Amino acid sequence: MRVHHLNCISSCPLGGRLMDARTPSVLRRGELCCHCLLVETEQGLVLVDTGFGLRDVADPSSRLSTFFLAMLSPDFREEMTAVRQIERLGFEAADVRHIVLTHLDFDHAGGLDDFPNATIHMLRQERDYALAQKTWLDRQRFRPQQWSSQRRWKVHGAGGGERWYGFECVRDIAGLPPEILFVPLPGHTFGHAGIAIRTPECWLLQAGDAYFYRHEMDRNDPWCTPGLRFYQTLMEKDREARLDNQERLRRLRHTHGGEIELFCAHDPLEYERLSGRSQHAPAALEQARGMPAKARFRPQHRGA
């Protein structure tokens with residue numbers, strides 16, 4: 001199993017340094033990544049979240065809310081969409097057989113339309129609350145304009161069976177290798193989940209929007225930028241669950257940090273450390289160890 005880290009279009013929020021702690025001024029827009037994963041398996045490719053998609057880039061005002069476009073001003077570059085980066089790695093959109101979603105927010109699910117052959121997995125609660133469109137903010141964040149793929153959605157219950165490091169999990173997902181699990185982490189949305197992936201080296205836990213800033217996971221003195229604290233409060237559906245899950249993730253990292261690589265969806269320093277490149281640079285074939293992309297589907301190349 002081989003995992004590629006993709007930034008599928010950065011957001012540039014108001015507040016600059018108050019958001020990312022590295023933009024020189026609060027008067028400039030900040031930069032947050034959209035950290036997705038591409039997993040090579042013997043059955044085909046699995047994509048964890050999609051970021052923004054081609055249709056979002058081509059006509060953002062028809063797909064995304066005016067509110068979030070003004071607040072986040074995404075850096076719409078076609079070459080940074082998941083499908084274009086996958087093509088740069090030598091694959092095709094049709095090679096993506098499954099998409100596993102942390103949640104259905106517009107900046108995580110915008111590329112679903114770009115993979116017409118993929119089965120899309122999410123937790124049942126996420127689908128149900130997103131479809132309900134109960135509040136004004138729900139209608140801004142959950143965008144049916146991005147969901148032409150609904151007939152290919154497959155939903156899963158939130159737990160049961162053997163736990164993963166003390167967390168509930170969803171194992172043995174049909175069509176996916178057993179090394180890929182849902183780890184429910186509600187709070188940001190009711191059906192929000194992390195995605196755990198077992199690699200030869202360690203477990204990866206893509207925690208989605210369970211937290212936004214790396215120092216939130218510091219065990220003794222957790223800290224978040226003021227802008228991202230505000231944004232998380234604005235977006236939370238269950239504050240108690242969100243804060244409880246952050247504390248559980250801190251304990252997980254403190255206790256099992258040598259076994260688990262924990263990261264979130266939007267911290268650019270986490271992304272750049274794990275991907276080995278700037279958040280502004282798309283994935284490239286030469287980063288795949290010089291191996292022809294299609295050859296990497298053959299079993300003898302697994303884990304190379």
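Q: Where does Tyr-165 lie?
A: Helices (H or I, at least four residues) and strands (E, at least two) are DSSP runs, numbered from the N terminus. Tyr-165 lies in the loop between β6 and β7. Its phi is near 50°, a positive value in a residue other than glycine. This is a predicted model, in which local features need pLDDT of at least 70 and side-chain atom pairs count only at pLDDT 80 or more, while totals for chains, interfaces and linings use all residues. Residues are numbered from 1 along each chain as its sequence is written, and side-chain values use heavy atoms, with hydrogens and water left out.

Q: Does Tyr-165 count as buried, partly exposed or exposed, and which relative accessibility goes with that?
A: Buried means under 20% relative accessible area, exposed over 50%, and partly exposed in between (1.4 Å probe, protein chains only). At 28%, Tyr-165 counts as partly exposed.

Q: In what order do the six strands of the open sheet come?
A: Two strands pair if DSSP finds at least two bridges between them. The order here is β1-β2-β3-β4-β5-β6, with mixed pairing. The edge strands, β1 (2-7) and β6 (153-156), each pair on one side only. Between β5 (residues 119-123) and β6, which run parallel, there are four bridges. Met-122 stands opposite Val-155 in β6.

Q: Which strands does helix α7 lie across?
A: Axes are lines fitted to C-alpha atoms, for helices over the stretch in contact, and angles run from 0 to 180 degrees between N-to-C directions. Helix α7 (residues 124-132) lies across β5 and β6, running at about 90° to β5. Helix α11 (residues 268-275) also packs on the sheet: α11 touches β1 and β2 (35-41), and its direction makes about 140° with that of β1. Contact means heavy atoms within 4.5 Å.

Q: Which residues of α11 are buried?
A: They are Pro-268, Glu-270, Tyr-271 and Ser-275. For α11 the buried residues fall within an arc of 160°, so they line one face of the helix. Their cover includes β1, β2 and β10 (260-263).

Q: What caps the N-terminal end of α11?
A: A polar contact is a pair of N or O atoms within 3.5 Å; within protein, one must be able to donate a hydrogen and the other to accept it, and residues adjacent in sequence count only if both atoms are side-chain atoms. Asp-267 caps α11, with a side-chain oxygen 2.9 Å from the backbone nitrogen of Leu-269. After α11 comes Gly-276, with a positive phi near 80°.

Q: How many residues does the largest nonpolar core have?
A: A nonpolar core is a set of buried Ala, Val, Leu, Ile, Met, Phe, Trp, Tyr and Cys residues joined through side-chain atoms within 4.5 Å. The largest has 37 residues, and Trp-164, Phe-182 and Tyr-211 are among those with the most contacts inside it. A second, separate core of 29 residues includes Met-122 and Val-155.

Q: Which residues is Cys-36 in contact with, leaving aside its neighbours within four places in sequence?
A: Cys-36 has its place in strand β2 and is buried, with a relative accessible area of 0%. Its contacts include His-4, His-5, Leu-6, Val-48 and Asp-49.

Terms used: The arc is that of the directions from the helix axis to the C-beta atoms.
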